[in-house]
Amino acid sequence: MRKKIVAGNWKMNLDYNEGLSLFSEIINMFKDEATGKQQAVICSPFIHLHSLAQMARGYNNVAVGAQNAHQAESGAYTGETSAKMIKSVGAAYVILGHSERRQYFGESNELLAKKTDTALKNDLKPIFCIGETLQEREANQHFDIIKSQLAEGVFHLAETEFAKLVIAYEPVWAIGTGVTASSEQAQEIHAFIRKEIAAKYNQQVADSTTILYGGSCNPKNAPELFAQPDIDGGLIGGASLKSRDFIDIVKVFN
């Protein structure tokens, strides 16, 4: 059975104390209200990671992750953070290829392939993001975009390495806009992603790959989205900054 994951992406929000306070609320609510069938992952700014990882000790179904990592193991890259550094503070996951990284920082599929390799080498689980813009969807290019992002970003991996990935589908046109892809639109792309994985590897790998939906997911639309057969959870943005909203999304899998 595929792992059900609800991952929160705090983006560039919350100072140190605000982050610790929110995470404390989340883990206590998770303990009291979640069944433990699901995995909660909080991807925070770098400043929080060590403290959050310490707080998460003893909670098998709560983990922390970074929002980015550099492709090099180390070196003269002022201001960057390596996968080894992230792993050393207790993080288990790392978001790679988020649409904001692709858009604002020009991250290419080729670069993200290198980042994925380095993350896996350092025993981090990549949450690898793919998705199309509004212009690409309106031009009916969304399937081609998804196919190329997979092929150029992660399909170079051996089967055993690919099996460590979580894929997150982000309809870029639905991020931060309040617009959500319909459950049918989301399911269509998730099924397409799974089909592409099966074609590259095999059906067993495809069936065991967790694929998250990441596009303005909230407590109201999560039940319908998560009820789709190929949607295994969510990569949550704004709603992850409110403990009640985030836990209500987590509880969809109770």
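1. Which handedness does the crossing of H1 and H12 have? It's right-handed. Bear in mind that this is a predicted model. The two axes, from helix H1 (residues 16-33) and helix H12 (residues 243-250), come within 9 Å and cross at roughly 35°.

2. As for who does the touching, H1 brings Leu-22, Glu-25, Ile-26, Met-29, Phe-30 and Glu-33, while H12 answers with Ser-243, Arg-244, Phe-246, Ile-247 and Val-250.

3. On to the rings: the count is six aromatic pairs. One of them joins Phe-155 and Tyr-201, with centres 5.7 Å apart and planes at 85°, so with the edge-to-face cut-off at over 60 degrees, that's what this pair is.

4. That pair also spans some sequence. Phe-155 sits in the loop between helix H7 (142-153) and helix H8 (159-162), and Tyr-201 in the loop between helix H9 (183-200) and helix H10 (203-208), so the pair ties together parts 46 residues apart in sequence.

5. Both partners are tucked away. Phe-155 has 10% relative accessibility and so counts as buried; Tyr-201, at 15%, counts as buried too. Phe-162 joins in as well: ring pairs link Phe-155, Phe-162 and Tyr-201 into a cluster.

6. Two charges are worth a look. The charged end of Lys-200 sits over the ring of Tyr-201, 6.0 Å from the ring centre. Elsewhere, Arg-101 has its charged end over the ring of Phe-105, 4.0 Å from the centre of that ring.

Technical notes
Residues are numbered from 1 along each chain as its sequence is written. This is a predicted model: local features need pLDDT of at least 70, side-chain atom pairs count only at pLDDT 80 or more; totals for chains, interfaces and linings use all residues. Side-chain values use heavy atoms; hydrogens and water are left out. Axes are lines fitted to C-alpha atoms, for helices over the stretch in contact, and angles run from 0 to 180 degrees between N-to-C directions. Helices (H or I, at least four residues) and strands (E, at least two) are DSSP runs, numbered from the N terminus. A crossing is left-handed if the near helix is turned anticlockwise from the far one by less than a right angle, and right-handed if clockwise. Contact means heavy atoms within 4.5 Å. Rings of Phe, Tyr and Trp (its six-membered ring) pair if their centres lie within 6.5 Å; planes under 30 degrees apart count as stacked, over 60 as edge-to-face and the rest as tilted. Buried means under 20% relative accessible area, exposed over 50%, partly exposed in between (1.4 Å probe, protein chains only). A charge sits over a ring if NZ of Lys or CZ of Arg is within 6 Å of the ring centre and within 35 degrees of the ring normal.
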